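Subject: Structure handover

Hello,

Here is the structure I said I would pass on. My notes on it follow below.

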Amino acid sequence: MSAPDLTARGESLPLARPQVVVFDLDYTLLRPGDQFDAPGYVRTGARFGLSLDAARWPQAERAAHAAVAARREETGLVHDDQLLAVIARTIVEELGGGPRGAVALAVRAIIAAWSEAGSFGLYDDVVPCLEALRTAGVRMALLSNALGHGVEDIVAHFALDGYLAAAVSSLETGAVKPAPRMFSTLFGLLGIAPGDAVMVGDSLEDDVSGALASGAHAILLDRSRRYRGLAVPRIESLAELPAALGL
Ligand SMILES: [Mg+2]
């Protein structure tokens, strides 16, 4: 996949007030629990006799990103139930791995945990942001590449239903962001034109490029401040979102 031209739109903050704000789920609203960071992987590995090395986490993360990209090259932009196993196995192997059976058990435990809504929390800035947008009369929706945990489970677990006009996951569409079908399905459900929506998410490719390519607007949520200086509308916390939308 060629690199997207993120500067093409030339937009800067604040954007014009949208009809709908579309949120990504994982790492945007949903904060994965500590079992999915380096010490968590080490703890899970230890349950199955593996000695994983937390110091290798940065290279494990890079390897997981590369494995996802390679897998997407193979499958195209389709919903892929095996992707979670690819990610977990790559990280376990890169942290040191071990006997095949023990690695398989650790991977299975990680997948099981990722599939539980209770393994996640909402970031502290989520509910105040949703409240502010609702008060301002802006509709909200979810657009998620569901992996393991279903969007409906998450909405129910965190009582988000009252905030949302619609939610679409890759499980329903069979496609994954940045595929145009994900965006057009949601906009069709909402009865809006793409230009009436702003996508807010942590992924430059899936959320920002996908939204821009579909004709929507986009704001990158850069919680880890990795993308400073990038010529794309960008916030570091959802606390900044109302002002970024001119509200
Ligand atoms: Mg995300």
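How are the donor residues of the magnesium ion spaced in sequence? The pattern is D-x1-D-x175-D. Please keep in mind that this is a predicted model.

Metal site

The magnesium ion has Asp-24 (OD), Asp-26 (O) and Asp-202 (OD) as its protein donors, and they lie 2.1 Å from the ion. Asp-24 has a relative accessible area of 6%, so it counts as buried. Asp-26 is also buried, because its relative accessibility is 13% and the cut-off for buried is under 20%.

Largest pocket

The volume of the largest pocket is about 1600 Å³, and 50 residues line this pocket. Those nearest its centre are Tyr-27, His-65, Val-68, Ile-87 and Asp-202. Two or more lining residues come from each of β2 (30-32), α2 (57-75), α3 (83-94), α4 (100-114) and α9 (204-214). Of these elements, α2 gives the largest share of the lining, with nine residues.

By residue class, the lining of the largest pocket holds 24 nonpolar, nine polar and 17 charged residues. Domain 1 (20-29 + 123-244) and domain 2 (33-118) each supply at least three residues to this lining.

Regards

Note on methods. Residues numbered from 1 in each chain as written. Predicted model: local features only at pLDDT ≥ 70, side-chain atom pairs only at ≥ 80, totals over all residues. Heavy atoms only, no water. Donors = N, O, S within 2.8 Å, 3.2 Å for Na, K, Ca; no water. Buried < 20%, exposed > 50% of the residue type's maximum accessible area, 1.4 Å probe, protein only. 1 Å grid on protein atoms, 1.4 Å probe; cavity = no way out; pocket = protein on both sides within 12 Å on 5 of 7 lines; lining within 4 Å. Points joined across faces, edges and corners; volume = space filled by probe spheres on them. Helix = DSSP H or I, 4+ residues; strand = E, 2+ residues; numbered from the N terminus. Nonpolar A, V, L, I, M, F, W, Y, C, P; charged D, E, K, R; others polar. Domains from an automatic or database assignment.
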